[in-house]
Amino acid sequence: MKALLLQEKGKWKEKRVSEINPPAPDKGEILVEVHAVGLNPVDYKTATGGHPNWTYPHILGLDVAGVVAEVGEGVTQWNQGDKVVYHGDLTKKGGYAEFAVTNAHTVSRIPEGVTFEDAAALPTAGYTAYQALHGKLPLSQLNTIFVHGGAGGVGGFAVQLAKLAGKQVITTASLHNHEYVKSLGADFVVDYRTEDIPSKVSLITDGRGVDAVIDTISRQSATEALDLIAFSGHIVHIAGAPDYTKIKPFTKSLSYHEVALGAAHQSGDIIAERALAKIGDEMLFLLAQGSISSMLKEVISLDEIPEALSRLSQRHVKGKMVAKIK
């Protein structure tokens, strides 16, 4: 099969498509003929430092959509020809290839009317946003949600899901992305480059602050966002925990939530692993209904992935990029 190979850590910009033998499914696994694969910041981030479980050449790519080509021993829920999408285990070889293997119980069925490309845009970013909103926050008790980084993958899905849940949504974005994030459902957009975020949020919320923050940026931005939260509010951090010492105990009574979607694969908890498939089922249902957008902005080829990851690493890409493999 053709595969985009990472020859050693740190060399992701030099990856080239080569011919290697396809993998075979073990017990409880399925072999998927890859039709489309999503691109995510985690690809270039992990490729830069490598992973102790990897053997080289390694294959990146976590968000895989395709057709079941073969089922391993003990797999009864899938058959050859089924259309599926899944979030892969980053400790194993991924989907930047014509075939990939994954655990059968973490996979979701692609419904009629949803393309492989749109399905592949969902897992890492979409599942993370879903887990942040529906897995961590007591949504029925909240009114206003602040999403830091609404033009990105996780942020864009979080904006959509929060608005779909009937919440008032405030987000940050560069000026040229304001109309885009409003089209996703944002009620208010703050230009993080030119506006003072705390002042703007205070104005919007009549000085109270927001009920919850979803931070997709960094440890620093998560720490700064603590000032935006109302009494007894929540922060969900995805790209680094805030400095908890900034808020004195027994003052604001904040709740802190970590989202580490991919950690489910290493948890040894079958319920946590199966939850990935359940999240996928729900996201695909919403996509098929037209309730959310995949935010797919660009479809590229397998050969074009290194250049596209380079652009993604500059943090100025909005929406999602997907490589069409077949």
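**Close-up views of a predicted model**

**Figure 1. Length and ends of helix α8.** At 1.5 Å a residue, the 20 residues of helix α8 (residues 270-289) should span 28 Å, and the end C-alpha atoms of the helix lie 29 Å apart, which agrees. The model shown here and in the following views is predicted. At the start of α8, the backbone nitrogen of I271 has a side-chain oxygen of D269 within 2.9 Å. Just after the helix, G290 adopts a positive phi of about 85 degrees.

**Figure 2. The buried residues of helix α8.** The residues of α8 that are buried are E273, L276, A277, I279, G280, M283, L284, L286 and L287. An α-helix has 3.6 residues a turn, so residues three or four places apart point the same way. Which elements do the buried residues of α8 pack against? Their partners are the strands β5 (83-87) and β7 (107-109), together with the helices α2 (116-120), α3 (123-136) and α4 (153-164).

Figure 3. Rolling a probe the size of a water molecule over the atoms shows where empty space is left. The count comes to one cavity of 30 Å³ or more. The largest cavity has a volume of about 70 Å³. Its lining is made up of V42, D43, T46, W54, H58, I59, L60, G61, L62, L90, K92 and G94. By class, six of these lining residues are nonpolar, four are polar and two are charged.

**Figure 4. The second largest pocket.** The volume of the second largest pocket is about 320 Å³. Of the 23 residues that line this pocket, K92, K93, G94, V101 and T102 are the closest to its centre. Which strand gives the most to the lining of the second largest pocket? Strand β6 (residues 99-103) does, with five residues. The lining of the second largest pocket comprises eleven nonpolar, eight polar and four charged residues.

Figure 5. D26 is placed in the loop between β2 (16-19) and β3 (29-38). Is D26 buried or exposed? With a relative accessible area of 52%, D26 is exposed, because the cut-off for that class is over 50%. Leaving aside residues up to four places away in sequence, D26 touches G72 and E73. D26 and V75 are 49 residues apart in sequence, and their C-alpha atoms are 9.9 Å apart in space.

Definitions and conventions
Residues numbered from 1 in each chain as written. Predicted model: local features only at pLDDT ≥ 70, side-chain atom pairs only at ≥ 80, totals over all residues. Heavy atoms only, no water. Helix = DSSP H or I, 4+ residues; strand = E, 2+ residues; numbered from the N terminus. Expected span 1.5 Å × (residues − 1). Buried < 20%, exposed > 50% of the residue type's maximum accessible area, 1.4 Å probe, protein only. Contact = heavy atoms within 4.5 Å. Polar contact = N/O pair within 3.5 Å; in protein donor to acceptor, adjacent residues only side chain to side chain. 1 Å grid on protein atoms, 1.4 Å probe; cavity = no way out; pocket = protein on both sides within 12 Å on 5 of 7 lines; lining within 4 Å. Points joined across faces, edges and corners; volume = space filled by probe spheres on them. Nonpolar A, V, L, I, M, F, W, Y, C, P; charged D, E, K, R; others polar.
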